[in-house]
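Please keep the sequence and the model in view while following them.

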Amino acid sequence: MAEAHSIKITSQTDSWVQIVDANGNKVLSEIIRPGYERVVAGVPPYRVKVGNAPKNPIVF
């Protein structure tokens, strides 16, 4: 079994973020508000979708 690793996401504007891990588990699917931080764990590699991406420098 692969080891779980965490990923941290912060946002500067409202952005919808969805993260799915290598096992197909949806580890995050929500709107991240400015200044908020989320830390989730799963099995890499991750698939990441970001809404409002052109206006939002997201930090992983």
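Val17 stands opposite Val50 in strand 5. The model is predicted, so to speak of local features requires a pLDDT of at least 70 and side-chain atom pairs count only at pLDDT 80 or more, whereas totals for chains, interfaces and linings use all residues. Residues are numbered from 1 along each chain as its sequence is written, and side-chain values use heavy atoms, with hydrogens and water left out.

Strand 5 is joined to strand 2 (residues 15-20) by four bridges, and the two run antiparallel. Two strands are said to pair if DSSP finds at least two bridges between them. Strands themselves are DSSP runs of E with at least two residues, and helices are runs of H or I with at least four, numbered from the N terminus.

These strands belong to an open sheet of three strands in the order 3-2-5, with antiparallel pairing. Strand 3 (26-32) and strand 5 (47-50) stand at the edges with a single partner strand each, so one side of each has no neighbour in the sheet.

The chain as a whole holds five strands and zero helices. Of its 60 residues, 27% count as buried, that is, under 20% relative accessible area with a 1.4 Å probe, protein chains only. Among contacts (heavy atoms within 4.5 Å) with a separation of 6 or more, 58% come from residues 24 or more positions apart. The accessible surface of the chain is about 4,000 Å², and 52% of this surface belongs to carbon and sulfur atoms; the areas come from the Shrake-Rupley method with a 1.4 Å probe.

Notes:
Buried means under 20% relative accessible area, exposed over 50%, partly exposed in between (1.4 Å probe, protein chains only).
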